[in-house]
Amino acid sequence: MCWWSQKNSRNGKERSLMAELSYREALNRAMAEELARDPDVFLMGEEVGLYQGAYKVSKGLLEKFGEGRIIDTPITEAGFVGVGIGAAMCGLRPIIELMTWNFSFVAFDQIVNNAAKLRYMSGGKLKIPIVFRGPQGAAHQLAAQHSQTVDALYSHFPGLVVVAPATPRDAYGLLKSAIRDDNPVIFLESEVLYNAKGPVEDNEFLLPIGKGEIKREGTDVTVVAWNKMLYVALTAAERLSQQGISAEVIDPRTLRPLDDELIFNSVRKTNHCVIVEESWPQNSAGAEISDRVHRQCFDYLDAPVARVNSQDVPMPYAKYLEHAVMPEVSQVIDAVKLVLYIED
Amino acid sequence: MKMLYEKMLLCRRFEEKAAVAYGTGKIGGFCHLYIGQEAVAAGALCMLRKTDYAIAAYREHAHAILKGIDPKYVMAELYGKVTGSSRGKGGSMHIFDMDCRFLGGHGIVGGQIPIAAGAGFSIKYRKTDDVVVCFFGEGAIHQGVFHESMNLAALWHLPVIFICENNRYGMGTSLERASSIYDLSKKALAYEMERGVVDGMDAVNVWERVSEAVDYARHTKKPTLLEARTYRFRGHSMSDPATYRTKDELNEMKSRDPISLQKELLVAQKLVDEAWFEEVDKKVKAEMEVVMRFAEESPDPDLAELHDHVLVEPEEQSQREGAKSDG
Ligand SMILES: Cc1ncc(C[n+]2csc(CCOP(=O)(O)OP(=O)(O)O)c2C)c(N)n1
């Protein structure tokens, strides 16, 4: 029996088919299974081995798979990201951990000019089956250089796939798919989600990249949110339900390619749309979704799409200011009421 | 020499207070303590002029204080108060002060190294004889920007003293596991740059060797790479239990605590008596009381400041002679 299902079997009952896993454990399980399944898969990054991961996502993997496959690097992002791309070009399937996505900027050229372009530039001769993964976004008072979301940034580039799961189940199923995908996948986690718990089936499964999920059904308004913001949206939906407003919460889960139809179908049903995201408002993934909804669902919309974002400033350190920057449940509620023309 | 002891003690007490305040949640985010490495900052900064520049990474409380920022403004920054050196916007990792010519406070490993070369460039451009002292860890030496900056500084003769604070670990990764060579100052050879190795636990040794490099930079504009072999007594940051190194190793290094070494030296050379140490202790304690009170009692930043300082406001734009825009 697997260690992650112990909790359910402890009281002697029939073993459940679901276990509560943390987001961190779900990622760990996905990597462990894929490493076991395919000898070409390896994990490389800063502190992934001996230290068990800066956020302990790779805990136990060194022991299980050895130094040849769980590889600690010096602090040299451009170097090991490029090494990963070269190895992928030659047929290996690297998982490259960025300690946080803030540090990916040091390797930006490798990701954007190499990983994203090689297949196209080679007229389809090359495949770059690589996953770049790590946490993005604000945690707690980490200030401007350590609190950035990159989902808008990387989903700008054709040639990259961008996945941003919110739940342990999605993290597990999507990371497995990302590792098996033949494309470069940007896999966005969140430091504050690592401890979030949720059910994950015991049996192995994959989730399709490019498919979103309705996380809560509703009829009055469509709220689109992903990664950390899904929880803000769900909390808002719960509170709105107490006020008789039925919000449908959609998690696209993948930002490129985007599951347009799931969002459009929901908006065509609810006639209202609010987008919640952690990133800054300008040129964001939410701006793109908003544009698509306006174009494709124009006749169905009863109000312009409303958006909730972080404040348009670099992240300040002071706790009080940091709170003021992050999107809040109350802002989502206000945005929903705005599109529904409800005055308090 | 007496001054070196006093300065190191102040930094040590400052950070001990910071650690306690972190424990009670008054300081948040990442907080990297410099405890154990004080001899490097003290030895390297004490001979500088006010107009010389210094720059460091995120473990920079001591560098900031020793470049002249009043510790109370540094502590207030750690507390996220509006009286902090960055008005609460930067925190522990991002201390800046242009009056003291302290250029930060940088969170991206290696990110400050080309900035130091840029400061050196500005000195050369303006034809003054100031210098730049740039601190970074041995972990940063593997970043591309380190090598790019070395080449530019050597190529263009920029007056920068690059000080690699080799505390043996970059987070949990030892030097041996990260570097193909042990003697890091050899990196200078590739750029035909002056180099040296100093005992980073011995403030006097640091001071002597950095003084030479500073004089050399003032007179020739040429850079030097110095490796200071030191050790951090605490974890990488407040959340790191530092299980990747042995107790024995830690104890061995603690037996060369830079502050105790300096004390022994002062005693051996009969420069001071026991009463002097007590006096310094008292003085530092009194100063820390002022510092802590200031940080505790200062107000939080006003919410209205949130959107300030993103860009320069029109009324704050520099008025450049002769440069007018239309309309
Ligand atoms: C580009 C980048 N990669 C990774 C990190 C995470 N990180 C912060 S400090 C650190 C270790 C740096 O070690 P070193 O340069 O030796 O300095 P020390 O912490 O020992 O003072 C790492 C990996 C970062 N801040 N920036």
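Where is the place of Pro257(A) in chain A? In this predicted model, Pro257(A) sits in the loop that runs between strand S12 (254–256) and helix H10 (260–270) of chain A. Gly105(B) belongs to a strand, namely S2 (residues 102–105) of chain B. Back in chain A, Glu47(A) isn't a glycine, yet its phi is positive, at about 65°. Glu47(A) turns up in the loop between strand S2 (41–45) and helix H3 (61–65) of chain A. For background, most residues other than glycine have a negative phi, and most peptide bonds are trans.

Next come the helices. In chain A, helix H4 (residues 77–89) packs on helix H5 (residues 108–115) at an angle of about 25°, and their axes are 8 Å apart. Angles under 35 degrees count as roughly parallel, so that is how H4(A) and H5(A) run relative to each other. The crossing of H4(A) past H5(A) is right-handed. On the H4(A) side, Ala78(A), Val81(A), Gly82(A) and Ile85(A) do the touching, and they meet Gln110(A), Ile111(A), Asn114(A) and Ala115(A) of H5(A). Sorted by type, the residues of this contact come out as five nonpolar, three polar and no charged.

Finally, the two chains meet each other. Chain A puts 33 residues into the contact and chain B puts in 37 residues. Together they bury about 2,800 Å², with 65% of it on carbon and sulfur atoms. On the chain A side, Tyr51(A), Ile75(A) and Tyr317(A) account for 24% of the area that chain A buries against chain B, more than any other three residues. Which residue of chain B forms a salt bridge with Asp72(A)? The partner is Arg177(B), and the closest N and O atoms lie 2.4 Å apart. One salt bridge is found across the interface of chain A and chain B.

Key
Residues numbered from 1 in each chain as written. Chains lettered and ligands numbered in written order. Predicted model: local features only at pLDDT ≥ 70, side-chain atom pairs only at ≥ 80, totals over all residues. Heavy atoms only, no water. Axes fitted to C-alpha atoms, helices over the stretch in contact; angles between N-to-C directions. Helix = DSSP H or I, 4+ residues; strand = E, 2+ residues; numbered from the N terminus. Parallel < 35°, antiparallel > 145°, perpendicular 65-115°, else oblique. Left-handed = near helix turned anticlockwise from the far one by under 90°. Contact = heavy atoms within 4.5 Å. Nonpolar A, V, L, I, M, F, W, Y, C, P; charged D, E, K, R; others polar. Buried area = accessible area lost by both parts, 1.4 Å probe. Salt bridge = Lys/Arg side-chain N within 4 Å of Asp/Glu carboxyl O.
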